[in-house]
Amino acid sequence: MTTALSHIFKSSTAQAFRGLTNILEKAKARAEATNSPEEAFMENRLFPDMHEMKWQVQMITEFAVRGAARMSGVATDDLPSLPMEGDTFDALIARIAECGQTVAEADDATIDGNETMMISMPIGPDQTMDLDGKTYVLSFFLPNLFFHVTTTYSLLRMQGVAVGKKDYMGM
């Protein structure tokens, strides 16, 4: 028995987004309880050359929407581009919900039928990487999804937000 690629793509994204929402809600509560400005959480990073916490959420939500479009056969030049916005916990949580809904509405049969479709991914100036749909989901999309959710989790945990594995796991 095999698991459909659409199920892997959608259920993993939904679970990661539940976890991301959980940790952002706890961070919002911490900011309110300590009278800390949300900006202190939003702008936090582990190292100066790293993107800040809010960017991690903005990027992974756009990445998920673009991933659903890619797996739905949308050409690279026609992929959706979301503005990198959301400077409050409420705005980021709303963005996650909206992007999660977009992913959930992608057609399962189309995603499953594009398992062998070739996807050309830009990976830098004048560089691309070509992957079939299955490899894109399993070896590129999912690791990126969990990397940015984990980074957000770590940045918030570092600031004293009481989150744990159940929060991260979307439970």
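Me: How many salt bridges does a search of the whole structure find?
Reply: This is a predicted model. A salt bridge needs a side-chain nitrogen of Lys or Arg within 4 Å of a carboxyl oxygen of Asp or Glu. Searching the whole structure for such pairs gives a count of six.

Me: Which residue forms a salt bridge with Lys 10?
Reply: Look at the closest N and O atoms of the pair, which are 2.5 Å apart. The partner of Lys 10 is in helix 5 (residues 108–113), while Lys 10 is in helix 1 (residues 5–33), so the bridge ties together parts 98 residues apart in sequence. That partner is Asp 108.

Me: Is Lys 10 buried or exposed?
Reply: Buried means under 20% relative accessible area. Lys 10 has a relative accessible area of 16%, so Lys 10 is buried.
For Lys 10, the word is buried.

Me: How many residues apart are Lys 28 and Asp 90?
Reply: Their side chains meet in a salt bridge, 2.7 Å from N to O. Lys 28 sits in helix 1 and Asp 90 in helix 4. The pair links distant parts of the chain, and the separation is 62 residues.

Me: Where does Glu 43 lie?
Reply: Glu 43 forms a salt bridge with Lys 54, with the closest N and O atoms 3.0 Å apart. Lys 54 is in helix 3, eleven residues away in sequence. Glu 43 itself lies in the loop between helix 2 (38–42) and helix 3.

Me: At roughly what angle do the axes of helix 3 and helix 4 cross?
Reply: Helix 3 covers residues 53–71 and helix 4 covers residues 89–104. Their axes come within 9 Å. Angles under 35 degrees count as roughly parallel, and these two helices are roughly parallel. The crossing is left-handed, at roughly 15°.

Me: How many nonpolar residues are in the contact of helix 3 with helix 4?
Reply: On helix 3, the contact residues include Val 57, Ala 64 and Val 65. On helix 4, they include Phe 89, Leu 92 and Ile 96. By class, the contact has three polar residues, three charged residues and, for nonpolar, ten.

Key
Residues numbered from 1 in each chain as written. Predicted model: local features only at pLDDT ≥ 70, side-chain atom pairs only at ≥ 80, totals over all residues. Heavy atoms only, no water. Axes fitted to C-alpha atoms, helices over the stretch in contact; angles between N-to-C directions. Helix = DSSP H or I, 4+ residues; strand = E, 2+ residues; numbered from the N terminus. Parallel < 35°, antiparallel > 145°, perpendicular 65-115°, else oblique. Left-handed = near helix turned anticlockwise from the far one by under 90°. Contact = heavy atoms within 4.5 Å. Nonpolar A, V, L, I, M, F, W, Y, C, P; charged D, E, K, R; others polar. Buried < 20%, exposed > 50% of the residue type's maximum accessible area, 1.4 Å probe, protein only.
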